Amino acid sequence: MLTLASKLKREEGVRAGRTLARSNDASHRVSIRDRLLIKDTCKVTFPDENKLCHFHLAISPDEGYYLGGKFQFEIEVPEAYNMVPPKVKCLTRIWHPNIAETGEICLSLLREHSIDGTGWAPTRTLKDVVWGLNSLFTDLLNFDDPLNIDAAEHHLRDKEDFRNKVQDFIKNYAR
């Protein structure tokens, strides 16, 4: 039976000119989920290489309203991680229904307590946070439950004007 995992392993071995046995080395393993979802839209940097609990994430969406922008996030991992979520703040001014102009972010997995059960859980990882933030610019863009009500209402009133305002913000703050 042909599986996606075996197909990816075989393709990796052929590309690298290696045998299948060598491609099973633990240093070369990558989860199937990561191989399918990896995009070049996120980059992590550490302002102080001695503080691994504090880092910056740059997201450069490759589709949608926010295409062409580069948005900076500050992520602080508390001592109580992973019983509590990391603290995340958007450092780039943005016109977004789920991100306030002051940097607060509305993303359910960052909530310590969530009624709908999609909030933080000890099983979540920093990778989930990065994927969630990246998705705020595409499939998790939520106009129905906004943090920035003005941005959501603007989108409902006039989608083209909303797009223009987003592009103005990108031009002025997210390059």
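Predicted model: local features only at pLDDT ≥ 70, side-chain atom pairs only at ≥ 80, totals over all residues.
User: Why is Asn148 called buried?

Analyst: Its relative accessible area is 9%, and buried means under 20%, so Asn148 qualifies. Asn148 sits in the loop between helix H3 (126-135) and helix H4 (149-157), and it touches Trp95, His96, Pro97, Ile99 and Glu101, leaving aside residues up to four places away in sequence.

User: What makes the Asn148 side chain and the backbone nitrogen of Asp150 a polar contact?

Analyst: At the start of H4, a side-chain oxygen of Asn148 comes within 3.3 Å of that Asp150 nitrogen.

User: How do you know which side of H4 is buried?

Analyst: Ala151, Ala152, His154 and His155 are buried in H4. They cover an arc of only 160° around the axis, so they're on the same side of H4. The face turned away from that side carries exposed Asp150, Leu156 and Arg157, while helix H5 (159-173) is part of what covers the buried residues.

User: Why is the Phe46 and Phe55 pair called tilted?

Analyst: There are 10 aromatic pairs. In this one, the planes of Phe46 and Phe55 are at 50°; stacked needs under 30 degrees and edge-to-face over 60, so tilted is what's left.

User: And what makes Tyr66 and Phe71 edge-to-face?

Analyst: Their planes are 80° apart, and the label needs over 60, so it applies. Tyr66 and Phe71 also belong to a cluster with Phe73 and Phe137, linked by ring pairs.

Key: Residues numbered from 1 in each chain as written. Heavy atoms only, no water. Helix = DSSP H or I, 4+ residues; strand = E, 2+ residues; numbered from the N terminus. Buried < 20%, exposed > 50% of the residue type's maximum accessible area, 1.4 Å probe, protein only. Contact = heavy atoms within 4.5 Å. Arc of directions from axis to C-beta. Polar contact = N/O pair within 3.5 Å; in protein donor to acceptor, adjacent residues only side chain to side chain. Phe/Tyr/Trp six-rings, centres within 6.5 Å; stacked < 30°, edge-to-face > 60°.
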